[in-house]
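Please look over this two-chain model before the points below.

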Amino acid sequence: MKKNQLALAVLFAAALGFSACSDDEGVSMSDVSISATVNTTIEGLQITSGTYTFENVNTSAKTDVSYPTSLIQLADGLYNVTFIGKGTYSQNGTSVEVNVQGVQQNVTVSGGSCKLDLTAHVVNTGDADFVIAEIFLPGTYNEAGKQYNGDQYVRIYNNSDTVLYADGLVFMESQFTTTQKYQSVDPDIMNEAIAVGSVVVVPGNGTDYPVQPGESFIICDNAINHKEANPNSIDLSNANFEWYIESKQDVDNPAVPNMDIYYCYTKTIWILNKQGNRAYAIGRLPEGMTKEQYIADYTYDYTYVLQSGTVSKPQSKYKFPNEWVIDAVNIGATNEWQWNVTATELDMGHTYIGVNNTVAENIGKCVMRKVAYTDNDREVLQDTNNSTVDFTPAATPSLFAE
Amino acid sequence: MVCKSIYVLLWFITLGNVSFLWGQTFAFRGVVLDKQTHQTLDYATVQLFVGKQIAYGGITDANGRFELPHIRPETYRVVVSYLGYDTVEKEVKVVQDISETFYLKSSATALNEVVVTASESKYAASASIIDRTAMKHLQPSSFSDLMELVPGGKSADPQMGQANLIRIRETGQTSTLSSLGVGFFVDGVSLNTDANLQYMPGSTSSVNATSTMAKGVDMRTLSTDNIEKVEIIRGIPSVAYGNVSNGAVIIQRKTSESPLSARFKADKTSKLFSVGKGIRLDGNGRYILNADVNYLDAKIDPRNSVKNYTRFTASARLDSKWLWNERNIHWNISTDYTGSFDDAKRDKDATVKEDAYKSDFNSLKVAGKWNMKFPDRSWIREINLTTSVSQQWEKMRETKSVSLNRPAAISIQKEEGESDGIYLPYNYVAQMEIDGKPLYVTAAARTRLAFPVGMLRNETNMGVEWNYQKNLGEGQVFDVTRPISESMSTRPRRFKDVPGLQPFAFYAEEVLHLPVQSHKLSLTAGVRLQSLLGLDSQYEMKGKVYPDLRLDLQWRLPAFNGWNITFSGGLGWISRMPTISQLYPDLKYVDLIQLNYYHTNPDYRRINMMTYKWDNTNYQLEPARNRKWEVRADIGYKGNRLSVTYFRERMNNGFGDLTYYKSLAYKLYDPSSIDGSTLTAPPELSELAYTDEYNLDVYSTVGNVMKMEKEGVEFQFSSKRIELLKTRVTVYGAWIKNIYSSDVPKYKASSILLDNKQLEYVGLYEGEEGTESQAFNTNFMFDTYLQRLGLTFSTSLQCTWYTNRRNLWNDGMPVSYIDQSGETYPFRAEDAENIQLQHLVEKYSATYFERTTVPFYMDVNLKASKRIGKYLNLSFYVNRILGIYPDYTLRGVLQRRTPESPYFGMEMNLTF
């Protein structure tokens, strides 16, 4: 597994000229030289600024040193060192700035030398919450060599250090596709809300479905053992939730709770976009907002003009305000992607299943969020609201890896 | 020159000289021959004038001979006329029995004329006439290609992978009635398609693109090589042509003696071979047998060898003519075979090899025509009897390897009621076959009568027509447990069980010619009564007679200084009967899920459904009726001719989707009481609690709901051949406006899911929905004919000045809504805020109703043919050798257009 890690090797070299001790103070000061190397999974990330804070464990005296620094004076002793800084990387010619931080405890400074091995990682934006960890859309080949897409699933991960409840968590699929940019949309609400074609919600009264820190849950269309239909597929009968539409083309596993479908553009079966050219998001309704009020008040009626100048028929879908969104990811094949269908504040970038969006290339692959760092065995996933760097494209789905 | 219709004869009816003289009379006999070939000319008109008054008249027999007995001694001006030939006049003094030979010069050779475009009809109804020469120059693969020559038409690449439907006076959006409303009449017998039930329900392949069910004739199946002449009636056809609501295509095939000729054509996607000959069976040419075969093989996409279309036609027509007691008898029997085969397979390299479809059409037709023409002094002029029997074998077959994406269950219940569904296997090969065997029988009788009424020349045509159409096929044949699509709810249906139909018609037409000084006024007034026999009493049409009235008036000004001016106008109602598929639609099945319990253990699964079945027939269906009127001006000046037609058409009851709603009750079982871990068998329904639910949805059937309005101007100018350049200029085109709409109240159900359920309401909308399309185009054709070199060369500039379309305004508000109990409530303004009801409002933006216009573009086409030696003629064509498609701006966006690549072909004609 790849890690976002910034390893700083800081070398304390004893400076000469301390040979003449100042006789009675008992604490020797050394000139310590620091050099840092950056090692990161965000390609091309450069630390641009930052501050090391050396906190003496005994005296609590703090010494701030700004990055980059080569030489500082420190008293011998035991230190906790933290680094808080910024880094940049370049994306499509524009420079993106992220916060980085790292900590190393119990660093010994003695006789002008110490061994500092500080790992810095990219800091997630916002408070830690659920994140979309994995989206598996293209399905698999069945024995006949045909596409089988009943096994699509989405994994949602508790990226915080506290227990979170899945109850009421909203999952949605964007209405617009990332591979067809409209000349204009009237009204254009992208800066306020996501235009959505489906809104499904985890059931529960608020505390029915706890999710431990570092744990995830799976939602899918069909929580059944797909190996029965297709040996190349996976067993989803232990998925946490499924969505079921009362139709003879869908099946309902009674053992798996059904998601609450607030709205869906279709009344037959809802299949996630298997070409992977839409955006997906999770969110929560704010305090006081009920299902009834949402479906009454949040319709989105619009028309669009295609690049060709053709005007669409009137469309009526739903919208989901940006403030309610916890996490969003835009997916689009590299060669076909034209625009992001969510606001930039939700996702600055986009990820992809395949570069060319062919079935052969996409099949059996997912998009998967990277691990930023590990906190006592708990993996913290990277969430900088930029799916280009936060996700591993064309990844092997976790349920297939088992 | 221009081929005149056979009806030209009707204009030369004697006024019936009844003054009987006691004196001695003589016989005037003769023969009429082609000046060049010395072939005899049958049906030539011979008239004897005294001053301006016709005294005697007659028609030549099959051997070109005529005999007028009992001629008073006098000096006559004899006028011999024949269609396509220059009229000959001669002074003849009858003082004894005499015999004369008349040589007629073909008008075409007389004018050194080769017409490679359509010509406008000279009669009251607007029609395009396309003859052999034009077809030869066009180098068609099928009848579809001829439509380029009709005003408003332009060249189009062959689309051999799908049914080719005719479009007359159409642009933009169209409906299936456009083509269904055009009747094709081959040698006087209608090409009936009304028992066609070929379409494949549930198929997602393009097999249904070959379906012509309730769409009329597939022009791909008509080869052009045995056609002598085509008349495409755009205006109001005579009452003799019925069961049409748009126009009529009258095809006249070769019946005369002709040399053996063979044609090989190859173009970008197809190869064509045809051979034919008109053989004289006896010495004096009384019996002529025409036989021909034609083969076409087309690759739909030359890069893809697994999809192709093949057509094979064979025809034999025996024509015989003789004179019996001064009566000309003409007898014709023909037998025709047409085979049309669509075949598509998946790419050989694809992983799924099973997927394939075929769509076969075989037709065998035997027709007989018997015609007797009486001498001109008789009040009965002509009797015509026609019968035909046509049996077709149609088969659509699709093989599809179906792989499910998730478990799916189907109901195999054939009757209404509750039943457990069965789960389909995840992978299976589905096969479906649509077996149709339409049988068509026609019997028709027609007579032409003439009586003098004072000053008027008068003629009456009367006829009756009976058809029988029935499909004897096995129908939709498939294994219900292996459907071609898991969402399909169709059950097999035997076409044999579908009743047959018997359209019956009677018509009468009065033609009056009124000379007013040297003006000529002709009035044609006709009525056609149509009825559909054999219907069940539930049908509104049962026992009803639908009358169509058609009027034509033509006013021919006297010729002066080389000017020939004719004005005409017409008004008519024309009706199209519904087809078998429209009167007897498939039964409707709906399966509603009552319990969907998909246990991890396959043995404990249960899916229970409530099946509803009903008759989807609209018993109120009536014929679609179009009201047409048009005014025309035809101006000729020394071989140049301009004709302009302004037309309007309006149909208020065209066939379209008639919607209705149904609220179907079902039980929704609650599986939450089942403990999945203790089950030993599928759950018992009786132990489950359920709620009564309703499924409210909208369905559709065929109804008289479509409105059609057409308006336009058609024009054609053809110049005389400019001697210096040996070039003739033809300019033809049309401005056409079509509005297809419907304002019949329409039910609509939303397709969304809201709060886990379908909407509880359906809306009723009364606003007009539809589109207006316009197009204005002009083709400029320059054809050069160098007789000495045997070279014909033409350049056609096909300009589309603009096309545009707009959606008719509609506020999108329902007028009322219906709940699950079937109760109707008015839709109030505040309902647009209701959680559920807001989804019934269709919210349009202003731009949606804006007109979208595509401006000028032009294609340049070249055609050439060259005679080489005695036997060989070589031709080639390139369509779009040059395309001019200027950029334009649409809603602020620059639109770049590029012409498609040229389409080309060549052919070789051998004539021995």
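**Notes on the model**

1. B:Leu754 in E39(B) is the bridge partner of A:Tyr263. Strand E20 (residues 260-264) of chain A pairs with E39(B) in the antiparallel sense over two bridges. Strands (E) are DSSP runs of at least two residues, helices (H or I) of at least four, numbered from the N terminus; two strands pair if DSSP finds at least two bridges between them.

2. This is a predicted model: local features need pLDDT of at least 70, side-chain atom pairs count only at pLDDT 80 or more, and totals for chains, interfaces and linings use all residues. Residues are numbered from 1 along each chain as its sequence is written, while chains are lettered from A and ligands numbered from 1 in the order in which they are written.

3. In the interface, 50 residues of chain B are in contact (C-beta atoms, placed from the backbone, within 7 Å) with 51 residues of chain A. E32(B) gives the largest share of the chain B side, four residues.

4. B:Arg728 lies in strand E37 (residues 727-742) of chain B. B:Arg728 counts as buried because 23 other C-beta atoms lie within 10 Å; the cut-offs are 20 or more for buried, 12 or fewer for exposed, and partly exposed in between, with C-beta atoms placed from the backbone. Beyond four places in sequence, the contacts of B:Arg728 are B:Ser718, B:Ser719, B:Arg721 and B:Asp783. The C-alpha atoms of B:Arg728 and B:Val116 are 9.6 Å apart, at a separation of 612 residues along the chain.

Terms used
Two residues are in contact if their C-beta atoms, placed from the backbone, lie within 7 Å.
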